[in-house]
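Hi,

Here is the structure I said I would pass on. Have a look at it first, and then read on for what turned up.

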Amino acid sequence: MEDFRPTKYKLRCVATGRVFEDDGRVLEDRQCGTPSLIRTEYDTRCIEIRDDSYGIYKFCDWMPVRRMLKGSAAPVTYKSEGLAGELGLDNLYITFNGYFPERGAAMTTCSFKETEAYSVCGRFDESGGHVLVVASAGNTARAFAKVCSENNIPLLLSVPEDNIGALWFEQPLNDCVKLIAVQKGGDYFDAIHLSNVALKSDRFVAEGGAKNVARRDGMATTVLSAAAFIGRIPDYYFQAVGSGTGAIAAWEAARRLEADGRFGQNRMKLMVAQNAPFVPMYDAWRAGSRHMLAYDDHRARRDAGIIDAKVLANRRPPYGIAGGLYDALKESGGDFFVSTNAALRRAAKLFEQTEGVDIHHAAAVAVDALVQAVRQGRVERGDTIMLNITGGGEKRYCTGKQMWYLKPAIVFPLTASDEDIIGRTEALFSK
């Protein structure tokens, strides 16, 4: 990997088209007066995909990174036989993000959030003494904790106390990783609020979520993996969505592949799904609305507590923002599905029976969306379909291991004052 040089690119504001330089931390165009995502525009138009020894950085031509970090693994795509046969599909390709050694999948956090973490941290410059801040419902926190611990990058995690069971590891983490939590009964949105208060301190820097081009371009490697394996852009892309960031990233990757010219010119349709009863983006899409509909906080917390796929419970997703999920669905000609807890459990069982590995609840929502699309005649037998399995193999990876769990340094009540949050959080990194 000695031939690696920092990737050359510029940033473009989706709303205005203004092009500007990246400072490694920018999350938006400060000259834009309307809510808008920014996108990377790479000097390399035709991607050169490196060998597997690079891990996820085999796709570094289209990742905004200044360095490669140790320990990464790339998404793995293979042609399905089991699930494809069950559904009557001739060209079903599964992109697996997790632990599935028989297929060469080696993400030890068992989630595609690793694709985000290695890209974001490869872009982030901690030399100025700043601490990266990540709010998460669970899987994202586990991925960032692994990457930052192994590469000695200071990290503050904010997670709902109800979700900290997701923070398992094979061994204790480097002390550079600290966890704060919002008390039981709080949800992902409350964890975001907690992190936003901490970010009022100059000591901390926001990772940025969907606004971070490195996060999206890291997630986009799932589509790059599929296109490289298949030899063309898929006709359909299936994924469950909480924020919709992964689907936005998939759409951006498909556009780059179209411009590359070697993977076809077909328009990849985004087929996304949420877990009922927590379906705010689905409701907005069905209403034909760019803007999210009213969703009472009490009802949202209740619904988030009901769903199996807790990682999909995002109350403030980048749905209507310029370049967000609404635009991606419109431009791709895509659509939305809803999966119940009962349906996703059936889908998870079906996948394990036909493909031979366990999958996360969110991934099962995507499988159920595909089952629905087949049943409703929304896809045809010969269509080239990419199913993004965003997490799996956890049961297999953890079996027989004594796992270590990251505990919160501080659990804050929902009523905690800004001064208390800032002061106590800063103190975690002054020892």
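Before the first helix pair, one convention: axes here are lines fitted to C-alpha atoms, for helices over the stretch in contact, and angles between N-to-C directions run from 0 to 180 degrees. Also keep in mind that this is a predicted model.

With that in hand, take helix 7 (residues 245-260) and helix 10 (residues 325-332): their axes come within 9 Å and cross at roughly 45 degrees. That makes helix 7 oblique to helix 10. The crossing of helix 7 past helix 10 is left-handed. On the helix 7 side the contact is made by Ala-247, Ile-248, Trp-251 and Arg-255, and on the helix 10 side by Leu-325, Ala-328, Glu-331 and Ser-332. Sorted by class, the contact of helix 7 with helix 10 has five nonpolar, one polar and two charged residues.

Helix 11 (residues 341-355) packs on helix 12 (residues 361-375) with the axes 8 Å apart and an angle of about 90 degrees. Helix 11 and helix 12 are therefore roughly perpendicular to each other. From helix 11, the residues involved are Ala-343, Leu-344, Ala-347, Ala-348, Leu-350 and Phe-351, and they meet His-361, Ala-364, Val-365, Val-367, Asp-368 and Val-371 of helix 12. By class, that contact of helix 11 with helix 12 has ten nonpolar, one polar and one charged residues.

Some residues of that pair turn up again around Leu-83, which is found in helix 1 (residues 82-87). Leu-83 is buried, with a relative accessible area of 0%. Leaving out residues up to four places away in sequence, Leu-83 touches Leu-92, Leu-350, Phe-351, Thr-354, Glu-355, Val-367 and Leu-387. For a distance to check in your viewer, Leu-83 and Ser-127 are 44 residues apart in sequence and 47 Å apart in space, C-alpha to C-alpha.

Now the chain as a whole. It has 14 helices and 18 strands. Its radius of gyration is 20 Å, close to the 22 Å that the globule rule gives for 431 residues, so the chain is as compact as a globular protein of that length. Taken along the principal axes, the C-alpha atoms fill a box of roughly 60 × 50 × 45 Å. Of the 431 residues, 62% count as buried. As for contacts between residues at least 6 apart in sequence, 72% join residues at least 24 apart.

Two helices stand out on burial. In helix 2 (residues 113-123), eleven of its eleven residues are buried. Charged side chains are on that list as well, including Lys-113, Glu-114, Glu-116 and Arg-123. What covers the buried residues of helix 2 includes strand 1 (9-13), strand 8 (131-135), helix 3 (139-151), helix 5 (213-219) and helix 6.

And helix 6 (residues 221-230) itself? Eight of its ten residues are buried, so helix 6 is largely enclosed by the rest of the structure. Among them are Thr-221, Val-223, Leu-224 and Ile-230. Just after helix 6, Gly-231 takes a positive phi of about 95 degrees.

On to the backbone, where a few spots may interest you. Most residues other than glycine have a negative phi, and most peptide bonds are trans. Cys-110 has a phi near 65 degrees, a positive value in a residue other than glycine. Cys-110 sits in the loop between strand 7 (105-106) and helix 2, and is buried with a relative accessible area of 0%. Asn-152 is not a glycine either, yet has a positive phi of about 55 degrees; its place is in the loop between helix 3 and strand 9 (155-160). The peptide bond from Ala-276 to Pro-277 is cis, with omega near 10 degrees. Pro-277 is found in the loop between strand 14 (269-275) and helix 8 (280-286).

Last, Val-177, which lies in strand 11 (residues 177-182). Val-177 is buried, with a relative accessible area of 6%. Setting aside neighbours within four places in sequence, Val-177 is in contact with Ala-145, Cys-148, Ser-149, Leu-155, Leu-157 and Leu-406. The C-alpha atoms of Val-177 and Lys-395 are 218 residues apart along the chain and separated by 25 Å.

Best wishes

Technical notes
Residues are numbered from 1 along each chain as its sequence is written. This is a predicted model: local features need pLDDT of at least 70, side-chain atom pairs count only at pLDDT 80 or more; totals for chains, interfaces and linings use all residues. Side-chain values use heavy atoms; hydrogens and water are left out. Helices (H or I, at least four residues) and strands (E, at least two) are DSSP runs, numbered from the N terminus. Angles under 35 degrees count as roughly parallel, over 145 as roughly antiparallel, 65 to 115 as roughly perpendicular and the rest as oblique. A crossing is left-handed if the near helix is turned anticlockwise from the far one by less than a right angle, and right-handed if clockwise. Contact means heavy atoms within 4.5 Å. Buried means under 20% relative accessible area, exposed over 50%, partly exposed in between (1.4 Å probe, protein chains only). The radius of gyration is taken over C-alpha atoms; the globule rule is 2.2 Å times the number of residues to the power 0.38.
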